Amino acid sequence: MLSGKRILLIIGGGIAAYKSLDLIRRLRERGAAVTPVMTRAAAEFVTPLSVSALAGEKVYTDLFDLTDEAEMGHIQLSRVADLVLVAPATADLMAKMAQGLAGDLATTLLLATDTPVMIAPAMNVRMWEHPATQRNLAVLRGDGVSVVGPNAGDMACGEYGPGRMAEPLEIVDAVVGALADGPLTGKRIVVTSGPTHEPIDPVRYIANRSSGAQGTAIAAALRVLGAEVVFVTGPAEVSPPEGVEVVRVNTAREMRAAVLAALPAEAAVFAAAVADWKVIAASDSKIKKVAGALPVLEFEENPDILAEVAQMTEGRPTLVVGFAAETNDVIDNATAKRARKGCDWIVANDVSPETGIMGGSENAVTLISGSGAEAWPRMGKHAVARQLAARIAETLV
Ligand code: C5P
């Protein structure tokens, strides 16, 4: 997948540096060569010996190492790779990158490079959320740097929130997406994801518990296989993946318009949990609380985007995939839904509370197609996404 590609991996000085050792292994497993560079602080967390042993290459640490300069100048070193990957990217490194400082080897390489740069930030949640870091992040994105993670979760410092470095496999996926050609190269795929918010008035809305995790993972997996992905997302908890065209919407109607505008496409995957109903004549001003008088909301049906696209007579995507979240008679209901909507596949799952699937990290799905129902074992949402993307690739060739 990454054979013939070289990654210049800059390891910053944070506790997440231990994950960079695994990252090196994973990159090499996929055929990439890794040239490691460590900041001085990184060497306080992992040893250069471990890094070079795993990379199978010399570690570069110091700008003024004359042997290195004789072997390979820092300008040359900055140009050897297909991608410069900074993992972990600490708050300090991000700030230096945003400023264009070049006080050590890592930052000099980052300033001198003419290859794409990707960062995997990792830091304490307060540091991540600090306006200074967010400002630096915006500057870096503006400079064309791609960003993977950070994830939310428990932190080594005992706090909770966004700031954990993305897992090595997520970083590898982003690298593959950025570098590799795959079976879906040149194919355009629309993916919907997340919930929709249907307004009641300017401050209130009707929503559902979809996190957007499965749709996001599917978009990322399709991107990894080379697809040009248009990602139409409602207000989801999970951030959109790197390398896709993101279209943010709130309501089902906006989602429909965005999907139709994104066509034509070879495939469309409808993973969004679209609200079935909208409030008729949502109020333009905040509905006042009046003692003893409850507001009465009247609903009308939202457009069924999946059914509309699946039943297009002209310009229908070759493959239209819907989802069916059910709590009972999963296969029967999903099979009926496939026929009713006119889509090619339905990915059905049981979202009964006891399964822990809604909002969780795992999923157990059944793929329903013209040739019947195929139950997949329970696995992570990323694994479901990879398997589904591989199927889509087989079908579209
Ligand atoms: O809500 P329902 O069970 O009908 O959802 C099944 C599939 O239809 C999902 O793939 C969902 O994304 C899609 N859908 C849609 N527009 C709607 C409702 C559902 O595209 N208004």
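A residue counts as near a molecule if one of its heavy atoms lies within 4 Å of it. With that in mind, look at the ligand: the residues around it are F270, A272, V274, D276, P303, D304, I305, L306, G322, F323, K337 and K341. Before going on, note that this is a predicted model, where local features need pLDDT of at least 70 and side-chain atom pairs count only at pLDDT 80 or more, while totals for chains, interfaces and linings use all residues. Residues are numbered from 1 along each chain as its sequence is written, and side-chain values use heavy atoms, with hydrogens and water left out.

What kinds of residues make up that shell? It divides into 7 nonpolar, 1 polar and 4 charged, where Ala, Val, Leu, Ile, Met, Phe, Trp, Tyr, Cys and Pro count as nonpolar, Asp, Glu, Lys and Arg as charged, and the others, Gly among them, as polar.

Now for the polar contacts (pairs of N or O atoms within 3.5 Å). One nitrogen atom of the ligand is 2.7 Å from a polar backbone atom of P303. I305 also takes part through its backbone, with an N or O atom 3.0 Å from a ligand nitrogen. K337 uses its side chain instead: a polar atom there lies 2.3 Å from an oxygen atom of the ligand. Taken alone, the ligand exposes 440 Å², and the protein buries 87% of that (areas by the Shrake-Rupley method with a 1.4 Å probe). Two or more shell residues come from each of α12 (305-310), β16 (319-326) and α13 (330-341); helices (H or I, at least four residues) and strands (E, at least two) are DSSP runs numbered from the N terminus.

Stepping back, the protein has 14 helices and 21 strands. Its C-alpha trace spans about 75 × 55 × 40 Å along the principal axes. A compact globule of 397 residues would have a radius of gyration near 21 Å, and the protein's 24 Å agrees with that; this radius is taken over C-alpha atoms, and the globule rule is 2.2 Å times the number of residues to the power 0.38.

Finally, some backbone details in the loops. G149 and P150 are joined by a cis peptide bond, with omega about 0°, and P150 is in the loop between β5 (146-147) and β6 (151-154). Another cis peptide bond joins L263 and P264, with omega about 5°; look for P264 between α11 (252-262) and β13 (267-270). A281 has a positive phi, near 50°, though it is not a glycine, and its loop runs between β14 (277-279) and β15 (299-301).

Technical notes:
A polar contact is a pair of N or O atoms within 3.5 Å; within protein, one must be able to donate a hydrogen and the other to accept it, and residues adjacent in sequence count only if both atoms are side-chain atoms.
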